[in-house]
Each structure stands twice: as structure tokens, then as C-alpha cells.
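I keep these entries for a reader who comes to this structure for the first time. Each entry says what I looked up and what I found.

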Amino acid sequence: MLGDAALQRLRDRQWLEAVFGNPRRPGGLRTPRTPAGPSLGEVRARLRAALRLVRRLRSLGQSLREAEADGAAWASLHAQAAPLRAELAEQLQPLAQAAYVGEARRRLERVRRRRLRLRERAREREAEREAEAAQATEREQEIDRWRVKCVQEVEEKKREQELKAAADGVLAEVRKKQSDTKRMVDILRALEKLRKLRKEAAARKGVCPPAAADETFEHHLQRLRKLIKKRSELYEAEERALRVMLEGEQEEERRRELEKKQRKEKEKLLLQKREIESKLFGDPDEFPLAQLLQPFRQYYLQAEHSLPALIQIRHDWDQYLVPSDHPKGNSVPQGWVLPPLPSNDIWATAIQLH
């Protein structure tokens with residue numbers, strides 16, 4: 001067994017190799033690494049160089065065919081073509097090796113797959129951006145609709161309050177005028193009573209006013225009474241008109257509240273109906289093949305669109321009607337008969353799967 005010092009040195013050497021790699025060999029040389037395969041840039045450069053040499057050799061071949069009659073020119077052109085052929089053979093030599101070509105193909109395939117992945121990711125990101133933009137636009141439109149609705153409600157309430165305040169002000173003014181009219185009537189009565197008292201006091205003293213004075217006083221009283229009566233009738237007509245207008249506004253407000261309540265009830269009923277239909281026929285948003293269930297929907301909803309179908313269905317139901325006190329019977333349900341809850345976990349799992 002190794003001693004404690006030798007064991008510690010072994011651990012230190014393993015730690016150094018894990019951190020700094022394999023130690024150098026004697027002479028300062030590292031462990032030789034397996035040469036990497038050809039890079040795509042190198043293969044591309046070789047192919048371009050080979051293509052360039054092929055073009056030059058093709059041009060020289062054409063010149064050689066044209067210079068067959070001139071031996072000196074032909075020999076000169078042939079001498080120019082020889083090094084090009086040697087250089088072309090040198091460029092094509094690695095391309096003739098199966099390992100070299102296989103490695104180049106593998107690298108090219110990796111590059112192609114990577115580009116496809118990048119394109120696919122770019123398309124996915126673009127689709128996500130478009131979906132986010134569409135959702136943002138939809139949210140903005142919903143916010144705008146909600147804001148317009150809120151502004152309209154506030155403006156409508158403000159107009160109602162202003163109209164009610166104006167009507168209340170006019171009504172208060174009319175009532176004030178009616179109060180003034182009543183006070184004028186009381187003043188006339190007081191004047192008439194005062195003149196009567198003064199006339200009696202003068203009579204006790206032996207002073208009698210002329211009859212023309214009584215007629216003049218009575219004439220002025222009648223004229224003032226007619227004027228006050230006309231003003232009172234006018235103010236009463238204004239008050240009735242204002243009350244009718246206020247009652248109309250209140251009736252309109254009650255009608256709007258009733259319509260709002262009915263609209264909420266209708267939305268609630270539609271939501272319940274949609275929930276019941278989703279339980280019976282499946283959710284159309286989660287079930288893309290809803291058209292397959294269309295015949296079943298037409299069958300179960302045919303009574304809503306056809307009077308003969310309604311009569312036939314009611315006739316079929318009426319065959320099973322029994323008295324209300326029958327021990328084995330009950331009344332016909334008014335709506336859909338919903339399916340019962342799953343009786344066990346296995347049946348619940350099967351329903352969730354479908």
C-alpha cells in the first residue's frame with residue numbers, strides 16, 4: 001500500500017492534470033492530437049481553384065486544336081498546359097479520398113442543419129412577434145372600446161345630472177313664483193279686510209265713503225285677482241310640464257336599468273347554454289372537428305327550427321306522461337338532461353381522454 005506522502009502526491013498530480021491538462025513530454029512536446037478533418041473553407045477553396053484551372057485548361061485545349069498545324073506553337077501551348085494539369089491533379093487528389101469527401105459532406109450537412117435550425121427559429125420568432133403584435137393590437141382595441149364605453153357612460157350620467165339639476169332649478173323657481181302668487185292673494189285678502197275694517201270705523205264716526213270709491217276698489221281687486229289667477233294657472237302648467245319631463249326621465253332611466261338587467265340576464269343564460277352545450281357536444285374551441293358533430297347538433301336542436309319536429313318530439317314524450325302522484329314517474333324536464341358525474345376514477349380518466 002502507498003504511504004500517506006505518496007498518496008498525497010498522486011492526488012496532487014491528478015488535480016494538476018485535471019486543471020492544466022496532460023503534462024508535456026520530455027523535450028517540451030505535447031501529446032499529438034488527432035488532426036481535424038477538412039474545413040469547409042478549405043474544400044471551397046480547392047473547388048474554386050480546380051474550377052479555375054479547368055477553365056484555363058479548356059481554353060488551352062481550344063488553342064491546341066487550333067494550333068495543330070503549327071508545331072512550335074502547339075509545343076509551347078502544351079508546355080503551358082502540363083503544369084496546370086499537375087496543379088489540377090494536386091488540387092483534386094484529396095477530393096478523390098473517400099474519408100476526405102465524407103468528412104466534408106458531414107460538415108456540410110451539419111452546417112445545413114444548423115442553418116435550417118436558425119431559419120426555423122427565425123420563423124418561429126417572427127411568428128411569435130406577429131402573434132404578440134396581434135394580441136397587443138387586440139388588447140389595445142379592447143382597451144379603446146372599454147374606454148369609449150366608460151366615457152359614454154360618464155357623459156350620459158353627467159348629462160342626466162345636468163338635466164335633472166336644471167329641471168330641479170326651474171321647478172324650484174316655479175314653486176317660488178307660486179309662493180309669491182299665494183302671498184299676493186293673501187295680501188289682497190288682507191287689504192280687503194283692512195278696507196272693510198276702516199269703512200266700519202268711519203261709519204261709526206258718521207263718515208260714509210262714496211259708492212264710486214267702493215266700485216273702484218272692487219274693480220282693482222277683480223283685476224288683480226284675474227291677473228294672479230292667470231299667473232297661477234301658468235305656473236301650475238309649467239310645474240306639470242316639468243313633473244312630466246322629470247317622470248319621463250325617471251321612466252327612461254328605469255327602462256335603461258331594466259334593459260341593462262335584461263341584457264345581463266341574457267348573457268348569463270347564453271353562457272349557461274354554451275356551458276351545457278359544451279358538456280353535451282364538446283367545446284368548439286377545443287374540438288377542431290366540430291363539423292363531425294353537426295348532425296348530432298341538428299338532431300338534438302331540430303325542435304328549435306321545425307314545428308313538425310317539435311310536435312313529434314312532444315308526442316313521443318307525452319306517451320310516457322304519468323300523474324304527478326305516480327310513485328314511478330316525474331315531470332318532463334324543462335331543459336337539457338346533463339350527464340351524471342363519473343362513478344369512479346377510471347371512468348373519469350376515460351372522459352378526460354376523450
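I began with the exposure of tyrosine 299, which has 53% relative accessibility and therefore counts as exposed; the term exposed is used for over 50% relative accessible area, buried for under 20%, and partly exposed for what lies in between, with a 1.4 Å probe and protein chains only. I then looked up tyrosine 300, which counts as partly exposed because its relative accessibility is 47%.

The model is predicted, so I note that local features need pLDDT of at least 70, that side-chain atom pairs count only at pLDDT 80 or more, and that totals for chains, interfaces and linings use all residues. Residues are numbered from 1 along each chain as its sequence is written, and side-chain values use heavy atoms, with hydrogens and water left out.

**Aromatic rings and the nonpolar patch**

I searched the whole structure for aromatic pairs and found one. Tyrosine 299 and tyrosine 300 form this pair, which is edge-to-face, with 5.3 Å from centre to centre and 75° between the planes. For this term, rings of Phe, Tyr and Trp (its six-membered ring) pair if their centres lie within 6.5 Å, and planes under 30 degrees apart count as stacked, over 60 as edge-to-face and the rest as tilted.

I looked next for a surface patch, and I found that Phe296, Tyr299, Tyr300, Trp336 and Leu338 form a nonpolar one, with about 550 Å² of accessible area together. Such patches are made of residues with over 30% relative accessible area and no salt bridge, where nonpolar side chains (Val, Leu, Ile, Met, Phe, Trp, Tyr) are joined within 5 Å and like charges within 9 Å. The accessible areas come from the Shrake-Rupley method with a 1.4 Å probe, and for residues only the protein chains shown count as cover. Leucine 338 lies in the loop between helix 7 (307-318) and helix 8 (345-353), and leucine 338 is partly exposed, with a relative accessible area of 37%.

I also noted arginine 195, which lies over the face of phenylalanine 217 at 4.8 Å from the ring centre; a charge sits over a ring if NZ of Lys or CZ of Arg is within 6 Å of the ring centre and within 35 degrees of the ring normal.

**Helices**

I looked up the overall pattern and found eight helices and zero strands in the protein, where helices (H or I, at least four residues) and strands (E, at least two) are DSSP runs, numbered from the N terminus. Buried residues make up 11% of the 354 residues in the protein.

For helix 4 I compared lengths: at 1.5 Å a residue, its 107 residues should span 159 Å, and its end C-alpha atoms are 156 Å apart, which agrees. The expected span of a helix is 1.5 Å times one less than its number of residues. The buried residues of helix 4 include Tyr100, Val111, Leu171 and Leu188. Helix 4 is followed by glycine 206, whose phi is positive, near 90°.

For helix 2 (residues 40-66), the 27 residues should span 39 Å at 1.5 Å a residue, and the end C-alpha atoms are 39 Å apart, which agrees. Leu57 is one of the buried residues of helix 2. Leucine 84 is 27 residues from leucine 57 in sequence, and 7.1 Å away in space, C-alpha to C-alpha. Leucine 84 has its place in helix 3 (residues 71-92) and is buried, with a relative accessible area of 8%.

**Salt bridges**

I searched the whole structure for salt bridges and found 16; the term needs a side-chain nitrogen of Lys or Arg within 4 Å of a carboxyl oxygen of Asp or Glu.

In the bridge between arginine 106 and glutamate 103, the closest N and O atoms are 2.7 Å apart. Both residues lie in helix 4 (residues 98-204), three residues apart, about one turn of the helix. Is glutamate 103 buried or exposed? Glutamate 103 is buried, with a relative accessible area of 18%, whereas arginine 106 counts as partly exposed at 46% relative accessibility.

Lysine 176 forms a salt bridge with aspartate 180, with 3.6 Å between the closest N and O atoms. These two are separated by about one helical turn, because they are four residues apart in helix 4.

My last entry is a network of salt bridges that links Glu156, Glu252, Arg255, Arg256 and Glu259.
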